[in-house]
Amino acid sequence: MPALCLTSRVLMVPVAIGAVLLGSTPALADNGIGGGTRGPEPSTDVHGGATEDGTLSAGVVVFDRSNNGSGQKAGPVSSATSWTPPACYYAPKYTPDQLQKHLEPIWEAESTGYQWDAAQRDRYVKGHPYTDFNKDKADEGYWWDSYVTAGREGEPGALDCDKPIFWVDENNDPPADIPQAVTPEILAQLAYAEIRVPSTEVDLAPEGTTKVNLPTWAWLDAAQFKPVSVTASVPLLGIEATTTAEPVSVEIEPGTPDAETYPASGVCDIQNGRIGEPYAKGKADGTPPCGVKYLRSSGDDSYELTATVTWKIEWTGTGGAGGDLPDGDFGATQDVVVQEIQAINR
């Protein structure tokens with residue numbers, strides 16, 4: 001399975017332990033505490049990154065994209081609302097020994113100031129609330145820390161996960177006051193960002209060049225527009241979620257107000273597993289179920305027709321969890337030349 005591309009956290013400022021840097025070196029994920037095993041990128045699109053200091057940062061969240069959309073023109077969906085998948089989240093990152101190896105050099109360097117270092121020692125070593133990095137519970141849980149979602153570095157939301165490193169016992173839920181802590185629902189949202197759908201360039205008849213006041217038929221290849229899905233999991237915790245996108249409609253925007261769409265709303269719903277209807281001989285005088293009629297010539301230029309497919313997105317996860325996520329849109333543009341019909345007088 002593909003693993004989220006992450007590398008280790010480095011010290012930034014006393015406000016937070018650090019920030020996650022994203023790497024791009026392909027690797028095969030090792031889903032145990034301690035990092036990953038480097039190797040070539042397989043054809044199943046595996047991505048990962050392992051730290052050299054042995055901390056866990058690769059193989060925490062694993063993506064299975066085997067049922068995803070593909071092709072050179074495939075792309076991510078954009079939420080039809082203002083919602084976006086989380087830019088950061090919390091997940092297991094250290095064993096007790098690994099956390100000690102991570103923090104003690106920072107304290108010894110004294111680069112963050114005595115007061116902050118002392119507060120950190122008090123929290124993780126002196127029993128307020130943890131003692132000796134929880135080494136007596138080494139086989140009973142993990143230290144959780146924040147990660148930045150791949151591709152979201154630099155966004156304001158990437159700084160939202162500023163809680164100090166915290167402990168979670170195995171088989172226990174993460175603290176309720178940390179909404180970004182990884183759960184099946186958070187995994188579903190992360191999988192949403194990994195969804196790829198095919199290009200929405202439509203077939204037109206007439207193709208490329210049409211005439212003023214001539215209904216132009218539009219349709220999409222039904223074979224390409226089928227449900228796609230991505231599964232995100234955390235093997236360490238035994239949780240997963242599958243996010244599925246299914247096409248439901250396409251909206252045709254002619255690229256000029258001097259046009260009429262079929263239907264009038266410009267939204268063509270899927271009927272019998274397809275969007276629109278291919279033109280066939282003998283249908284020239286008919287009304288296309290999906291299409292456009294241009295009322296004015298494009299002159300020496302062309303109109304930019306945009307076709308945007310709306311995808312209904314749902315998820316299911318561990319323990320029977322599931323629900324809806326915001327619909328996603330993905331569109332493409334194409335040039336259409338519209339000519340005047342020339343009349344010949346004899």
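Guide: Cys290 is buried, with a relative accessibility of 1%. Please note that the model is predicted.

Visitor: Which cysteine does Cys290 form a disulfide with?

Guide: The partner is Cys268, and the two sulfur atoms are 2.1 Å apart. The torsion about their S-S bond is about 85°, so this disulfide is right-handed. Cys268 belongs to strand β18 (residues 267-271) and Cys290 to the loop between β19 and β20, so the bond ties together parts 22 residues apart in sequence.

Visitor: And Cys268, buried or exposed?

Guide: Cys268 is buried; its relative accessible area is 3%.

Visitor: How many disulfides does a search of the whole structure find?

Guide: The search finds two. Besides the pair already described, Cys88 and Cys161 form a disulfide, with their sulfur atoms 2.1 Å apart. That pair links distant parts of the chain, 73 residues apart: Cys88 is in strand β8 (residues 88-94), and Cys161 is in the loop between β9 (141-148) and β10 (166-169). The Cys88 and Cys161 link is right-handed, with 85° about the S-S bond. Counting bonded cysteines along the chain, the pattern is 1-2, 3-4.

Visitor: Changing topic: which residues touch the most other members of the largest nonpolar core?

Guide: They are Val61, Tyr124, Leu187 and Val250, in a core of 70 residues. Strand β21 (residues 303-317) supplies the largest share of this core, seven residues.

Visitor: What is Val250 in contact with, beyond its neighbours within four places in sequence?

Guide: Its contacts include both Cys268 and Cys290, as well as Leu220, Ile275 and Ala307.

Visitor: Where is Ala307 found?

Guide: Ala307 is in strand β21, and it counts as buried because its relative accessibility is 0%, where the cut-off for buried is under 20%. Among the residues Ala307 touches beyond four places in sequence are Thr200, Val202, Glu251 and Phe330. The C-alpha atoms of Ala307 and Thr333 are 6.4 Å apart, although 26 residues separate the two in sequence.

Visitor: Why is β14 largely enclosed by the rest of the structure?

Guide: Strand β14 (residues 216-220) is largely enclosed because five of its five residues are buried. Thr216, Ala218 and Leu220 lie on one side, with Trp217 and Trp219 on the other.

Visitor: Which strand do three bridges join to β14?

Guide: That is β12 (residues 203-205), which runs antiparallel to β14; Ala205 has Trp217 as its bridge partner. Two bridges join β14 to β20 (residues 291-294), also antiparallel, and Thr216 is partnered there by Val292. Strand β19 (residues 274-276) is antiparallel to β14 too, through two bridges, with Ile275 as the partner of Leu220.

Key: Residues are numbered from 1 along each chain as its sequence is written. This is a predicted model: local features need pLDDT of at least 70, side-chain atom pairs count only at pLDDT 80 or more; totals for chains, interfaces and linings use all residues. Side-chain values use heavy atoms; hydrogens and water are left out. A nonpolar core is a set of buried Ala, Val, Leu, Ile, Met, Phe, Trp, Tyr and Cys residues joined through side-chain atoms within 4.5 Å. Buried means under 20% relative accessible area, exposed over 50%, partly exposed in between (1.4 Å probe, protein chains only). Helices (H or I, at least four residues) and strands (E, at least two) are DSSP runs, numbered from the N terminus. Contact means heavy atoms within 4.5 Å. Two strands pair if DSSP finds at least two bridges between them. A disulfide is a pair of cysteine sulfur atoms within 2.5 Å.
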